[in-house]
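Work through the exercises below with the sequence and the 3D structure in view. Each task is followed by a solution in steps.

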Amino acid sequence: ISMKLYYSTQDETLVIQDGLKNHHFLLKLLMILNLLNTVLNVSTFSISSIGFMQLVWLFLGLVSVVVLYNLTVKNTTSEKIPVSAIKGLKEYSFFGKKRLAIVLTNGKKRDLVEVKTPQEFKEARKIMKPIGVKDL
């Protein structure tokens, strides 16, 4: 696996080093800028003069809110996950591509973005099996 995924026996955590934290930070920053831009563009018009551009900005604003919600509430970017906090592994499809995620007991999920090939899926599962992480 090109990313570093391993089990730390000292503190009983699964360590994932894939740079997802930086990626999510940039996405959140862009979504916040998008929201600010939406507020600035939408706050200047009245209901009677709604045009195409205002509708586009409203749509962009709504998309930004949904993406921010998913990034902050539904996902985590933790690089050290205690095994006790892991519910299991979940394989899902995103735009036709198979992905693997760790589902946590608090309801959040941690995507394993660097796991792409069938071989990498096997390797990730091989790391998870001895520590008791099963497929959901």
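**Exercise 1. Find which element gives the most to the lining of the largest pocket, and describe that lining.**

Solution. Helix 2 gives the most, with five residues. Helix 1 (20–42), helix 2 (52–74), strand 4 (86–94) and strand 6 (109–111) each supply at least two lining residues.

The next step is the space itself, about 480 Å³. A pocket is an open set of points on a 1 Å grid over the protein atoms alone, where a 1.4 Å probe fits, with protein on both sides within 12 Å along at least five of seven lines; lining residues have an atom within 4 Å of a point. The volume is the space filled by probe spheres set on the points, which are joined across faces, edges and corners. Of the 15 lining residues, Leu 71, Asn 75, Tyr 92, Phe 94 and Asp 111 are the closest to the pocket centre.

The model is predicted: local features need pLDDT of at least 70 and side-chain atom pairs pLDDT 80 or more, while totals for chains, interfaces and linings use all residues. Residues are numbered from 1 along each chain as its sequence is written, and side-chain values use heavy atoms, with hydrogens and water left out.

**Exercise 2. State the order of the elements and decide whether the chain is compact or spread out.**

Solution. The chain has three helices and six strands. From the N terminus the order is β-β-α-α-β-β-β-β-α. The radius of gyration, taken over C-alpha atoms, is 19 Å, well over the 14 Å of the globule rule for 136 residues, so the chain is more spread out than a compact globule. That rule is 2.2 Å times the number of residues to the power 0.38. Along the principal axes, the C-alpha atoms fill a box of roughly 65 × 30 × 25 Å.

Notes:
Helices (H or I, at least four residues) and strands (E, at least two) are DSSP runs, numbered from the N terminus.
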